[in-house]
Amino acid sequence: MFFLNLGWGEWLIAAGAVSAFTVALYLLDRSRRRQVVSTLRFWTQANQPVQTSRRRMIRQPLSLLLQLAGILLLLLAIAQPRIGNPFSRPGYDVLILDTSAWMSARPLGGRPLIDTARRRAAEWLSAVPAGDRVMLVRADALATPATAFESDRSRVRAAIAASEPGATALDLTGAIQFARRAQSMQHAGGEVAYAGSGRVRNTQDAAVIDGKGLRWINVPDQIENVGLRSASIARSPAENGAWDVLVTTRNYGLRAHTVNLTVGFDHAPVGMRVLTMAPGAEQESAFTVHARQAGLLEARITPGDAFPDDDRAEILIPALPRLQIVVYTAHPEVVRPLLTANALVEAQFRAPEQYKGDNHNVDTIWIDPPAADSPVRVVKTVRDPQGIRWTPEDGLGAGLRARDVKLGAASIFATNPGDIAVASVDDGPVIVARPGKQKTVVIGFDPGAAGTRYQLAIPLVFANILRWINPQAFQHSGVTLQAAGSALAPFPDDGPAEVKRADGTPVPFTVDHHTLHFFSGSRQSIRVITPGREQDYALTLPEMWDTRWYPPVGVIRGLPHGASNGSDAPREVWPWLAILGAACLAAEWMLYARLRRARLKAVPAPVPLRRVS
Amino acid sequence: MPEPLLDRQFLEKLERLTIYWQKSFAGLVGGHNPSRFAGGGQEFLDHRNFHQGDDLRAVNWRAYLRLEKLFLKMFQIEPRVPVQVLLDSSASMGLGDGVKFDYARKLAGALAYVGLVRLDTLTIVPFSARLGEAKRCGGGRHRFSPVATYLERLQAGGKTDFYEIAKEYMSSRPQRGLLIIISDFLDDQGCERALQYLADFGHELSLIQIWKDDDRVPPWAGELELVDAESGQEMRVEFDDAARAEYTRQFDEYSAALKQLALRNAGRYVSVSTSRLLEDVLFDDMIRARGVA
């Protein structure tokens, strides 16, 4: 036997001090007590004077012995004695349980792979030497310790039973490195056991895995699976109100499979492809969906297989933005081709005299307004104005540098505070933008005149005006459906970027070579907002494995055979000592303290006296 | 604000009680107890022959006119018996937390209120080694407030000497009456002889023994160094369960002797533990012992 907490000498000193203290308390408790009483009359009759020699006699020696025994046993329990060889240090084992998304696959007619993994992990745990401490690590894309190094097997078993498949693929290298680091911090040997099917991500460098001290508890998974890998949706550049849908599928099995890929929008079929896929092949299928309103796009692979999580995916397509404007002009035929060329713009052309009777709840563009009806006051009208210049404010003058524009005749406007003079000549502003709830842009010349008709600056001015009126309508947007885990987003320009979840909480990200990297360990939607671009990433597909891990030389396979049950490991005896000590103290209390109190409480009733007269 | 000696609700309950005594005391008039003695009362008792010196106002002149002999009418008196409460204020009563003395003061106050309600005249006399300053009260319930104040100001202390108290009491207060003694009667010298003197003197004794549970069954065990609260005398004993039983037996025997003394002299005895409610004692033990009715 040896002590874990105290040495023999320390224990003897502590035991001696505590025993002496207990005996002193005991003698003090039973020593003579001074008591003031109402009368000595009955005491004299009831007692004999005490002999001084009896003062130091130990009365109730069994009580003292029980107290001493109880205290010494408790002290022994605190010293944490162990029976066995003190030099046999316990092993620190790490159990890596595969909780990747693949572990939710169900072999035909069977239970999920995670059930097999949990069962085999529990079997390994039962075979581990009793003195060893075991840490459970749940491994998918991240290695997450579920327990510390525990000697209590029930806690590890409970953690194994509570393990569920995640949404990402297995990073086995990272998990094993994590386990080795945890072991090295204990400065003790031990085993790293991995329970899983060995399906890992492609980014793994399996060569760095050292097989020494590593055990693989295989979970067989001969499963054929064809699944969706990703899908992307973007506005069709060729067709107004259309979305281009690109769906990628993969055959993860060892045999060729023919499957039907069906795409539907709001429960209405959009298209179907029959895909014949070779083992390991990946195939892209393009669809076009016409939808101006928001709706749910569904991609489905039939028939289903043993891993249904990647057979179906849904993406929410946002509504197409529209820019509604009213153009007041006396010559609508001049700008009609320009504005109707863009499908996002819905322009109404009205005569300037109709302005007063209109309901002004939309943005307006005025072209060469009459001085009486102009929303921006016309100061004067000039002919052949000179010195045109552009104000690059709020993007309205972006890209405009032409100075040789011949305006012919132009209205000069009087601006209010807050108005933006987009273009000015020597006499004053000729194009004014007025911000507000309803934005107004006034152009003081006829763009169809001879001097401006063929100027490149004119369509550019209109493009800038439309973008200024509603910048969101021209923002690049799209939805990408892909697997949980690491995700990449293009980040072409420097500028502020924002990555957030659906509830608005930010997601950490890094930027490397014009690419934005972020990670999601669970299935959720993430929005990436970069200058001029907004992209939704629906990371709702399970992240699938890319390759199978083949264990290097030196890896032990299967469960340990004929494992020791810890006969050589030191055994803890402190719980028994603590129970025994508590029992001694309880017995002393029951036999002496409690009964003494009970005797004192049992006050006899006064003797009823007979009346004599 | 200090708690009053007795609360109002309790006092209202006491109003239906009456201090009771059995004896008739000569020379006293008034009160509500009928008497065998003739006197100047309202109820006719008898006739007797006139003797020289008798009050001519009591002569039955109708009988004289008819018989030509002087007869004197005798009336039954309604004595106003002096009720005296001797309250033990010795150190043994105030021992420890003073629970015995508090209880005794409350009991004395309750009896005083009962007497005041019935228009009796009471005198409360504290005592330890000597008689203390007495408080006389009478005239109705509205006179109770000074009595309560008086009792609240009393302090316990001193050594009890019942023999000396009896002598002093008999010499200073010759008028016989009901004598209620509230005490623990724990006098090392014994109080039986002094109480017998008081009874022989003509008082009707009503003994109320107040005791704590500790007084009857000491809770201690082992080697004890005992100090008498009044005399300061010390004593060392080895106290165990057998000794405790013997102690309790001695205490009970002493109480029985006190009771026998009281009953033998046509008095009353009530044993009161401080663990009992005062209301229970008054409305149960005292009524059963005919101390009150």
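Where in chain B is B:Ala266 found? B:Ala266 is in the loop between α8 (241-264) and β11 (268-273) of chain B. Helices (H or I, at least four residues) and strands (E, at least two) are DSSP runs, numbered from the N terminus. This is a predicted model, in which local features need pLDDT of at least 70, side-chain atom pairs count only at pLDDT 80 or more, and totals for chains, interfaces and linings use all residues. Residues are numbered from 1 along each chain as its sequence is written, while chains are lettered from A and ligands numbered from 1 in the order in which they are written.

**View 1. Backbone angle at B:Ala266.** The phi of B:Ala266 is near 60°, a positive value in a residue other than glycine. Most residues other than glycine have a negative phi. B:Ala266 counts as partly exposed because 13 C-beta neighbours lie inside 10 Å. A residue is buried if 20 or more other C-beta atoms lie within 10 Å of its own, exposed if 12 or fewer, and partly exposed in between, with C-beta atoms placed from the backbone.

**View 2. Backbone angle at A:His267.** In chain A, the loop between β12 (257-265) and β13 (268-277) holds A:His267. Its phi is near 70°, again a positive value in a residue other than glycine. A:His267 counts as exposed, because it has 8 C-beta neighbours inside 10 Å.

View 3. A:Pro303 belongs to the loop between β15 (295-302) and β16 (312-317) of chain A. The bond from A:Thr302 to A:Pro303 is cis, with omega near -5°. Most peptide bonds are trans.

View 4. Strand β11 (residues 242-251) of chain A includes A:Asn251. Why does A:Asn251 count as buried? A:Asn251 is buried because 23 other C-beta atoms lie within 10 Å. Leaving aside neighbours within four places in sequence, its contacts include A:Val226, A:His257 and A:Met277. Two residues are in contact if their C-beta atoms, placed from the backbone, lie within 7 Å. A:Gly227 is 24 residues from A:Asn251 along the chain, and their C-alpha atoms are separated by 6.6 Å.

**View 5. Surroundings of A:Asn202.** A:Asn202 sits in the loop between β8 (199-200) and β9 (214-218) of chain A. A:Asn202 counts as exposed, because it has 8 C-beta neighbours inside 10 Å. Not counting residues up to four places away in sequence, A:Asn202 touches A:Asp546 and A:Thr547. A:Met544 is 342 residues from A:Asn202 in sequence, and the two are 9.9 Å apart in space, C-alpha to C-alpha.

**View 6. The two sides of helix α4 in chain B.** In α4 (residues 144-153) of chain B, the buried residues are B:Val147, B:Tyr150 and B:Leu151. Seen down the axis of α4(B), these residues fall within an arc of 95°, so they line one face of the helix. The arc is that of the directions from the helix axis to the C-beta atoms. The buried residues pack against α3 (99-117), β5 (122-127) and β6 (135-137) of chain B. On the face turned away from the buried side are the exposed residues B:Ser145, B:Pro146, B:Thr149 and B:Arg153.
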